[in-house]
Structure formats: structure tokens, C-alpha cells
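I opened my notebook before opening the structure. These are my entries, in the order I looked things up.

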Amino acid sequence: MNFERIGQYKYRIPREGKMEVDAAFYASERILEDLGAEDYASLQQLANVATLPGIVEPALTMPDVHWGYGFPIGGVAAFDPQRGGVVSPGGVGFDVNCGVRLLTSEIGRGELEGRKSGLADALYEAVPSGMGKGRKDFRLSRKELSEVLVEGPAPLVERGYGDPEDLGRIESGGRLAGADPGAVSERAYERGIPQLGTLGSGNHFLEVQYVDEIYDEEAARAFGLSVGRITVLIHSGSRGLGHQVCQEYVERFLEAAPRYGIELVDRQLAAAPIESPEGDEYLKAMASAANFAFANRQLITHFTRRAFASAGLGQSLAVLYDLAHNNAKFEEHDGRRVLVHRKGATRAFGPEEEELPAEFRFVGQPVLVPGDMGRYSFVLAGTEGAMRETFGSSAHGAGRKMSRRQAKKAARGRNLVREMEERGILVRAAGRATVDEEMSEAYKDAADVIATTHGAGIGRKVARLRPLIVVKG
Amino acid sequence: MARTWLMGFGMVLFRGAMIEMLDHTADVGFELRDPTLEGLFEEARRGLLMVVFERPPEEGGDDREIELSAPDLETLLVRWLNELTYLVQDAGFVPVAAKIRIRRRDGTTPSLEARLSGVPLKLEEYGWQGEIKSATFHGLDVANDDEGWHARVILDV
């Protein structure tokens, strides 16, 4: 893999072969070593993305880059519709609009201590993984789901599943425009109806945390974060509905790509012009799935609040922000309208961006970066650097370094639930497998990703959060 | 293809068939071998159950029939795996065996008919390992040589 260092944390992959543009990636020395250990497979995937038509220079990966399928995880690619730019369902991913939402509270860590076990049980009960028959206590009709696909969580909030203020704290107001439920198949509906309000499994989680350290007082104040206060981080997506949308459109785009003269170096990158009937239809279906995902995290928020109340912690949990890390959105960058794909990358708008809520517009968008379940997660603020260099994007997590099977092997003979309990973290999970796969050691140290992000100027460190309760599907 | 692709392990040999689990940093995959194309698809079913269950059930009573077609064998394999994933995760039906028939019209547009026997999903009893989002086209390969059919597939989990 041919690349050159162009900054302390930034590297350039010069255009070669079928690449349409240069690519760039962010890495510390350690991250670079990790990339080398997998034969630069992620960087090869990045170079593959750079071959897609109409891509705007550069194709990018964030510091939490790791090997994906098609796009690398941590990939960011903007396409210009005026120059034949494409949309790629695989570049958005199966879990359309998967993302994280952080709830803040006035609850002190000490206040939680005596109620911790009861709260962990209540949360595990309140937020099911969604396998099999899905939620038993909440189900929308087909018509009601159609409304959610167009409007996002707003109809749920109207019915009492949340506070009206929640909606203003969701990326894009919790509603991607242009959704058309007619572009979503019956199978996707069937899968989506019972799974609204469920967590899923794998790396999805609900975590009760406390604010452990503040790095930027001004931004932390604007975000409502102070040391010792309880927060809740929710990570989930569009569940089976989104998976189904992606599956169907990847296949359709595989058939469409040759008709538009698009050569695919990897079939999972199947793409069609943004301005084509296929591109238009996918974007309508994708927006529908995205609105489902926003609504899913809204419903999980509602049931989380109920669980807190039932555990005797009735104080309000406020939404700090809800953001997505798997989607494609029209945005204006450098004076032109482009479609930004973020595959495992967080939108991270800098200060003064119009879409941000007035309360923190002056410090930038809250950027939520989960680490692993045993160590810490971070809150960052979006920067002007990100607006200049990364189409307003930043890291979305720690990034795996062990495969799931390697992690299970490493966990053999250990009781990770007990180990974590001894360190003050209660785990409630559907099975041991998920806990083993998601063990701390399976992930890179999020602190390294954050130091690289902060050092490169594409995110500003605001606060660190440590886990107290982890709920896994 | 990156070297890590080749780090197969957990090989299972059964009547000339083979399932080899592949290591992928973020996801899971398997490589399959079988003397026949139908056998290869049956191995894919077994491989899928090995991914989602620690103790996959092996005997079942209820029957279901599936018919699928696709522009090529790779897409047919993806559709097969996605259909089975849907049955397990959304319909709560675990297919423990499959009688499969694959037709290849003009040698290019294959179709599949399968009679599945299965049991209801029991997460704890079968040792649930976690959800599959989809089979992917990344690095996907279905081909035959002197030794029979082989395939490689990565699943997004």
C-alpha cells in the first residue's frame, strides 16, 4: 500500500490505478501498526471507495478505521450529483442510520449506588434485544409504522413516548426528508413492526455511565455534563427493517451498475447515480429506514426513563444528542451540495452550523464516541477542522482489533461478567457469547482514537464517561 | 485479498463436506466445500447455524418450503443465507435440515427449491451467539473445480 505522511496524524494515499481521487486517513503510530497488522486491508477498501464515480476528493477514513465489507468502517465519501456522483447502499451499510444517543441527568453517582442492581434488572427487562417475537408491550399497526417512516419519532412523542424537547436534540430533527414508505418492501415492514423499541445484539448496547473527567469546561457546560453525574448511552439502529432495505437495494444496484457503466472493484460497493431512478428510490427507502432508527432510539429512551423511575430514580433524563454513524446525507461543503456517505463515521458539525440547537451552536455539535464496555466512552465537540477536512465527520468508536472468534478464545476460562462486577460494572446480557465477543481487550483503546481525533483537529475532547451498568442484547 | 482472510480455523469435516470458519476483524465468515452444489448450500445452512448458535439443534419436525431464484450463483447463496437468517431471527423457525434442489437454466440463471425441517427458536437452549444483519457480497465466491464446489462468504454481524 502506497501512502505518505502529510501531517502528524494524517496520511495521503495518492490516486493510482482505477482511483478517481486521492484518499486520506488519520492515524497515530499505534493505529498505523494495527493497519499494518491486517495487511492494510482497510486502506485497500478505502482505495476501492475512491474508484466510485463522482467522488469528491478525498475519500477518507477516521482514526477508528477498521476492516469492513465494501467500505472500510470509519469511511467517509462525498459524491457530487452534478458530476455523475453515485449512492451506494453498501456504503451506508445494513444497519441504516445506526447511531448513538446520550441522555444526561442531575442524578449523582452516589445516588445510583444503592439502586444499581435494581436499575440494571429493570433496564434489561425494559429494553429487549428483539429476537424472536420482539417487544410484547408495544406494537404499531402497518399504517402507524408508515407514519413513523416518514416523520421519524415525532408521532411517537405526540403519543407520549418522549418529551417534545427530545426532537430538537436529534440530528436532522429526527426526520430525514424525502422518505417514501412505498420504497420499503412488505418484508421490511414485517421485520420492522415487532422490532421497534429493541436493541439488537452484537455491538449494540445500553450503558449507564458517570461523567469521570471534563476536558473542556465551556463545552461541557453547554452540553449539560458535570463530573459525577449519571448519563445513559444508547447504541442501536434500524433493526431488521434497515437490514432488509439494504439487502434488497444492494442486489438491485448490482444489476443497475453495469447499465450506468459503473465498474465495481468490490460487489458490495454496488452503486447507481444519485440522479437516476434507482438512486432516487434507494434514497427514499434509506430515509424511511433512517427515520425508523431515530424512532427506535426514541422508544428505547422512553422505556429507559420508565426503568429509571421504577428503580426509584425518577429525575428526568434529557437527550443531549442523537446522532447517526451509518447513512448518506445531502450536505453543503465548499459551496457545493454533495451526498456524504458515512460508514461507521459520525457527523461532526463545527460551531455556528445552522442545524445545531442554539444552546450549543457556539461550541459545535456533540460528537458521541463509545469506547468498549469495560473502559470509557468520550464526548467531543465538532470543529471547523472537520468542516474543512472531513466533510464535517469524526470517529464513531474505538474500533475492533480482535475478531469475534479471537475474543471468544481469549475469554475462555474467564468469567467476564464477574470480572466487570468486581470493577463496579454490572452486566446484563442475553448470553455469554455477546459479552465475550465485546470484551474490552477486543477493542483498541478509545483514548488513542480520541487523542488522534483531537490532535488532528477533527474533534475536540470534552468529557470522558465510565460505565456502571451495561445492557447487551 | 488480505492475509487475514486466510486465517481459517474451526474446520468441520462431514461426509466429504467442509466448513471452515474465517476470521474477520469486524464480522464473521466461512469457507465451504462439497462435492455437489446442493451439498454446498446445505453446508451454508449448517455454517449459518454454527454462527448463531453454540449448540445448534439437529432434529426437527415442522416443514417449510422455500423457492428462490437469482441472476447468478453468488447472489443465490446470499439470498439463501438471508432467507434462513430471516426464518431464524424474525419467524422464530430454526431450519435443522434441508432437502435442496438447484436448477440452472441456460447455465446462468439459477433457482433453488428447498424443503426445510425445523424447530422453534429457543435462545437459551441453543446457546444464542448474536444476530446476523446480512450475508455480504464482499469477497463472495462460488465456484467449482476438480474437487467439487467451494464458496466463501462474509456475514455482517
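What percentage of the 473 residues in chain A is buried? I noted that this is a predicted model. Buried residues come to 63% of chain A.

**Entry: chain A as a whole.** I looked up the secondary structure next. Chain A has 17 helices and 19 strands. I then turned to its dimensions. The C-alpha trace of chain A spans about 60 × 50 × 50 Å along its principal axes. I checked the radius of gyration against the rule for a compact globule. For 473 residues the rule gives a value near 23 Å, and chain A has 21 Å, so the two agree. I also looked at contacts in chain A with a separation of 6 or more. Of these, 78% join residues 24 or more positions apart.

**Entry: helix α12 of chain A.** I picked out α12(A), which runs over residues 277–310. I then asked about its surroundings. In α12(A), 27 of the 34 residues are buried, so the helix is largely enclosed by the rest of the structure. Just after α12(A), I found A:Gly312 with a positive phi of about 85°.

**Entry: a sheet in chain B.** I moved to chain B. Three strands form an open sheet there, in the order β4-β6-β5, with antiparallel pairing. The edge strands are β4(B), residues 62–69, and β5(B), residues 93–105; each pairs on one side only. From one strand to the next, the twist averages 15°. I followed one pair in detail. β5(B) pairs with β6(B), residues 109–120, in the antiparallel sense over 12 bridges. I found B:Ile100 opposite B:Ala114 of β6(B). Helix α1(B), residues 37–52, packs on this sheet and touches β5(B) and β6(B). The direction of α1(B) makes about 150° with that of β5(B).

**Entry: where the chains touch.** How many residues does each chain bring to the contact? Chain A brings 38 residues and chain B brings 33 residues. On the chain A side, the elements giving two or more residues are β4 (55–69), α11 (239–259), α14 (404–411) and α16 (432–437) of chain A. α11(A) gives the most, with seven residues. I sorted the chain A side by class. It has 10 nonpolar, 15 polar and 13 charged residues.

Terms used. Residues are numbered from 1 along each chain as its sequence is written. Chains are lettered from A and ligands numbered from 1 in the order in which they are written. This is a predicted model: local features need pLDDT of at least 70, side-chain atom pairs count only at pLDDT 80 or more; totals for chains, interfaces and linings use all residues. Helices (H or I, at least four residues) and strands (E, at least two) are DSSP runs, numbered from the N terminus. The expected span of a helix is 1.5 Å times one less than its number of residues. A residue is buried if 20 or more other C-beta atoms lie within 10 Å of its own, exposed if 12 or fewer, and partly exposed in between; C-beta atoms are placed from the backbone. Two strands pair if DSSP finds at least two bridges between them. Axes are lines fitted to C-alpha atoms, for helices over the stretch in contact, and angles run from 0 to 180 degrees between N-to-C directions. Two residues are in contact if their C-beta atoms, placed from the backbone, lie within 7 Å. Ala, Val, Leu, Ile, Met, Phe, Trp, Tyr, Cys and Pro count as nonpolar, Asp, Glu, Lys and Arg as charged, and the others, Gly among them, as polar. The radius of gyration is taken over C-alpha atoms; the globule rule is 2.2 Å times the number of residues to the power 0.38.
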